[in-house]
Amino acid sequence: MTVLCVRFRPPPMYEAALPELLGLLGEFTPVVEALPPDGALADLRGAERYFGRDAVELASVIRVRALALYGVDCVIGAGPGPMLARMALRDARPGLTRAVPEDAVRDFLAPRPVAALPGVGTATARTLCEYGLDTLGRVAAAPLSTLQRLVGAKAGRELREKAAGIDRSRVVPDGTSRSLSADRPFDRDELDPARHRRALLSAAGELGARLRAVDTVCRTLTLTVRYADRSATTRGRTLPEPTAHSPALTRTAYTLYEALGLQRARVRSVTLRAEGLAPAEQASHQLTFDPVDEKVRRIEEVADRARAKFGPRAVMPGTLAA
């Protein structure tokens with residue numbers, strides 16, 4: 001086992017500690033890939049030789065240091081590669097590391113449903129299940145030609161390799177997440193549009209705070225509305241300019257919601273996803289000469305500093321959005 005997938009458990013909606021926690025991992029290996037808002041991949045191939053300990057033992061040290069230095073617990077999955085480490089994380093529990101030894105990869109994967117494999121979506125899983133390929137063991141044992149006829153040449157080859165435990169992905173140092181999401185479930189199926197909009201306001205505020213905490217902007221915002229009958233509607237929109245400005249995200253979220261034209265829909269949850277992430281320093285901002293907009297941005301900066309100093313609830317995300 002050479003790769004750890006670590007999911008820290010900081011206070012909700014608080015990402016300011018993530019750079020420090022990544023620095024903690026950096027004390028063991030320089031090959032660390034951030035998984036915002038609260039996770040990371042770490043390749044310990046060199047660290048195992050240097051410290052004379054295996055990945056599970058190093059994971060225990062990382063957990064103790066995170067608790068002692070930052071008061072943050074974590075769950076950790078370990079495996080021969082990033083894919084297996086991510087899958088092992090799903091079975092991990094606080095205080096314990098879920099490890100998948102290299103000689104147990106096939107036994108670990110074989111009974112799992114095909115949808116558990118990263119990159120296999122609902123449509124692909126449904127197609128495979130229709131032909132009796134409902135577990136990863138059966139997919140790994142299926143002829144390559146059969147899989148390629150079902151899902152395509154390239155996808156079929158990659159699917160068979162992954163189902164057999166062959167992972168060609170690598171941990172990319174300083175890699176950034178492709179997206180961030182904020183989910184707002186309701187206590188009961190909600191009919192009131194005002195409550196829907198309030199949830200969107202909160203989610204957009206959270207996304208803005210999280211993006212700014214890691215100096216990142218997004219190019220696209222996607223809204224997913226889930227209904228009482230378990231169906232869902234998803235709509236996306238490219239922003240006029242890459243941004244992490246909460247009011248701009250909120251306005252776009254409202255526009256996406258209004259475009260759905262919901263008529264007394266029983267909504268179970270709303271989810272906003274920021275996509276097309278890029279470093280904030282690479283983004284340009286169109287000056288508006290609007291004193292109100294500039295004032296809101298200055299207040300936003302002050303609120304972010306307050307969150308970083310006093311914690312996530314010093315200023316609740318969404319309270320500054322228009």
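This is a predicted model: local features need pLDDT of at least 70, side-chain atom pairs count only at pLDDT 80 or more; totals for chains, interfaces and linings use all residues.
Local features need pLDDT of at least 70 and side-chain atom pairs count only at pLDDT 80 or more, while totals for chains, interfaces and linings use all residues. Residues are numbered from 1 along each chain as its sequence is written, and side-chain values use heavy atoms, with hydrogens and water left out.

The chain contains twelve helices and ten strands (DSSP runs numbered from the N terminus: H or I of at least four residues for helices, E of at least two for strands). Of its 322 residues, 45% are buried (under 20% relative accessible area, with exposed over 50% and partly exposed in between, for a 1.4 Å probe and protein chains only). Among contacts (heavy atoms within 4.5 Å) with a separation of 6 or more, 66% join residues 24 or more positions apart.

Thr 124, Thr 127 and Leu 128 of α6 meet Leu 147, Leu 150 and Val 151 of α8.

Turning to the cysteines, the structure has zero disulfides (pairs of cysteine sulfur atoms within 2.5 Å). Cys 5 is buried, at 2% relative accessible area, whereas Cys 129 is partly exposed, at 39%.
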